[in-house]
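Please consult the sequence and structure shown here.

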Amino acid sequence: MNIGFVVNDVNTEKAGYSTVFLAQRMHNQGHNVYLMGVGDLAYYPDGYMGATATQADTKHKYKSTTTYLEAIQGDKANRVRVTAPDLDVLMLRNDPSSEPEGRTWAQNAGIIFGQLAMRHGVIVLNDPTSLSDAVNKMYFQHFPEAVRPRTLITRDKNEIKEFFSEQDNNIILKPLQGSGGSGVFMVKKEDATNLNQIVEAISRDGYVIAQEYLPEASGGDVRLLVMNGEALQHKGKYCAIHRVGSKDDIRSNLHAGGSTQAAKVTQTMLDLVELVRPKLIQDGMFLVGLDIVGNKLMEINVFSPGGLSDATDMEGVDFSEPIIAALERKVHYKKTYDVQINNRTVAMI
């Protein structure tokens, strides 16, 4: 299988990232694995999208993600041009909201080039047309109300004040665009004096999400990986981690200083998966991460869900194995049916 991974920038990838974890495992199994940053993508005169991609030594197997990443980022890495006909699968693992200031051109690049690759028969995951609808947190509002905390999205300070007064507890304020815990604030019921200032700060960059605070969030959240619309399992274990925020920080996201523990997957969590499953299938969202607090979803990460390597370490099973097996099946079905089945269908088989 020939597979390309699109990331924000190959040089900023880290050994603990799920993309690197999956790429290293696939490389060691003998698949041709290419990593490419969005800045490496191109459209060539022959009508194909492609990239100047990075590939580790195909004759060598790597014992860890650290040694694999060193091979990818080192001076001896192979830089090769690949185009759509060279690929069976293209996985879009770049996070538009993680692009720094000055790289607005990069935010939608993976989606745009992914759509071009799809036209030439490449399986693109997650489906790029659906990803274009998910570039901000408004996508979350298309899922059933039963799975979401009570939410207001506006730029009007008075509407947020009214929403705040209606809540029995604290509220969470965050920007509509962004991820990784950036710009997330909790306004406590007994301390509303900073509400105006926080709203003004967030609304400078767009809309503000005001969300009811779930008391269970004080204990962190559970990141549960979902593949093909079902909770990812392997050898009787679920691919999930319990993320706990650092002291005095409401954010449990790992990039915001959180830590991980083993997670207990409950029936309530599996019921949430069932409720979002039809929408994920419809949109061709092959691999996503659900962030769960109590009986609600806080977020659905459809771009670059992490947790694979942490869950593998904690549960003692390699969760890359069912993912790789699923990708191999998709390539088989695509070669069998060719254009008779579309990308979204292949994405969820």
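**Cavities and their linings**

Strand E19 gives four residues to the lining of the largest cavity, the largest share. The model is predicted, so local features need pLDDT of at least 70 and side-chain atom pairs count only at pLDDT 80 or more, while totals for chains, interfaces and linings use all residues. Residues are numbered from 1 along each chain as its sequence is written, and side-chain values use heavy atoms, with hydrogens and water left out.

**Largest cavity**
- There are two cavities of 30 Å³ or more (a cavity is a set of points, on a 1 Å grid over the protein atoms alone, where a 1.4 Å probe fits but cannot get out; lining residues have an atom within 4 Å of a point).
- The largest cavity holds about 280 Å³ (a volume is the space filled by probe spheres set on the points, which are joined across faces, edges and corners).
- Its lining comprises 24 residues, with Ala-134, Asn-136, Lys-137, Glu-299 and Ile-300 nearest the centre.
- Strands E11 (208-212) and E19 (296-301) are the elements that give two or more residues to this lining (strands are DSSP runs of E, at least two residues, numbered from the N terminus).

**Glu-299**
- Glu-299 lies in strand E19.
- Glu-299 is partly exposed, at 23% relative accessible area (between buried, under 20%, and exposed, over 50%, with a 1.4 Å probe and protein chains only).

**Second largest cavity**
- The second largest cavity has a volume of about 40 Å³.
- Among its lining residues are Met-91, Arg-93, Asn-126, Val-302 and Phe-303.

Conventions. On a 1 Å grid over the protein atoms alone, a cavity is a set of points where a 1.4 Å probe fits but cannot get out, and a pocket is an open set with protein on both sides within 12 Å along at least five of seven lines; lining residues have an atom within 4 Å of a point.
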